Amino acid sequence: MHKTIYTISLILAAHLLLLFLPATKANAGNDVTSKVYLFGFAASFNDSTVYITDIQELQDIKLQAKTNFLPNRSHYSYQLADYLKQQGATTPTCITSYSKDRAKLEKKLAKIKKKYSQQKNIIYNIKTISQQEFTYKPADDSHATTYSTPDGKAARKRGNRK
């Protein structure tokens, strides 16, 4: 009896796998190329300095068609983190926000600036990073990027996380 239930479970799992496998492959090829606006925000738990980049425009960026998700968006945050480490920041935690609509992104940026400039208990030192100081580069989704550690002794790869 247990062998029959096990066999039926395997057959059912195989059918479900075959049912969903074509859908995931079909969605993978439906990327669209678009103009994307993005900005970065970085903070450290060790001090009260926050960094905010200007809104930047990147052309010909691939987004997933259905979700408008930016593949490899962590690469953009790593770019900002590496830049800040070169400037002397020790442990920046970075995020990158993006949108196809510049007005929506400007609203989000204004909300973040307001949040950190009007705190009552903590006074944050807000440093704006201009596009002349730091510029995002399009993330290549076909290759992992090698980043060196601050001491220069070791290197690690950050690629597609699956």
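**Figure 1. Ser 99 and its polar contact with Asp 101.** The side chain of Ser 99 comes to 3.0 Å from the backbone nitrogen of Asp 101. The model shown here and in the other views is a predicted one. Ser 99 is part of strand β4. Its relative accessibility is 14%, and because the cut-off for buried is under 20%, Ser 99 counts as buried. Leaving aside residues up to four places away in sequence, Ser 99 touches Val 36, Tyr 37, Lys 104 and Leu 105.

**Figure 2. The N-terminal end of helix α3.** Asp 101 caps this end of α3. A side-chain oxygen of Asp 101 lies 3.1 Å from the backbone nitrogen of Ala 103. Asp 101 also takes part in the contact of the previous view, where its backbone nitrogen is reached by the side chain of Ser 99.

**Figure 3. Helix α3 along its length.** Helix α3 covers residues 102–117, which makes 16 residues. From the first C-alpha to the last it reaches 22 Å, close to the 22 Å expected at 1.5 Å a residue.

Figure 4. Leu 105, Leu 109, Ile 112 and Tyr 116 are the buried residues of α3. Seen down the helix axis, these residues fall within an arc of 60°, so they line one face of α3. An α-helix has 3.6 residues a turn, so residues three or four places apart point the same way. On the other side of α3, the exposed residues are Lys 104, Lys 107, Lys 111 and Lys 114.

**Figure 5. What the buried residues of α3 pack against.** Four strands meet the buried residues of this helix: β1 (31–43), β2 (49–53), β4 (93–99) and β5 (125–129). One of the buried residues, Leu 105, is also among the residues that Ser 99 touches.

**Figure 6. Strand β2 and its covered residues.** Strand β2 is mostly covered, with five of its five residues buried. Thr 49, Tyr 51 and Thr 53 point one way from the strand, while Val 50 and Ile 52 point the other way.

Figure 7. Strands β1 and β2 run antiparallel and are joined by three bridges. A hairpin of five residues leads from β1 to β2. Across this pair, Ala 42 stands opposite Tyr 51 of β2. With β5, strand β2 pairs in the parallel sense, over five bridges. Here Ile 52 has Thr 128 in β5 as its bridge partner.

Definitions and conventions
Residues are numbered from 1 along each chain as its sequence is written. This is a predicted model: local features need pLDDT of at least 70, side-chain atom pairs count only at pLDDT 80 or more; totals for chains, interfaces and linings use all residues. Side-chain values use heavy atoms; hydrogens and water are left out. Helices (H or I, at least four residues) and strands (E, at least two) are DSSP runs, numbered from the N terminus. The expected span of a helix is 1.5 Å times one less than its number of residues. Buried means under 20% relative accessible area, exposed over 50%, partly exposed in between (1.4 Å probe, protein chains only). The arc is that of the directions from the helix axis to the C-beta atoms. Contact means heavy atoms within 4.5 Å. A polar contact is a pair of N or O atoms within 3.5 Å; within protein, one must be able to donate a hydrogen and the other to accept it, and residues adjacent in sequence count only if both atoms are side-chain atoms. Two strands pair if DSSP finds at least two bridges between them.
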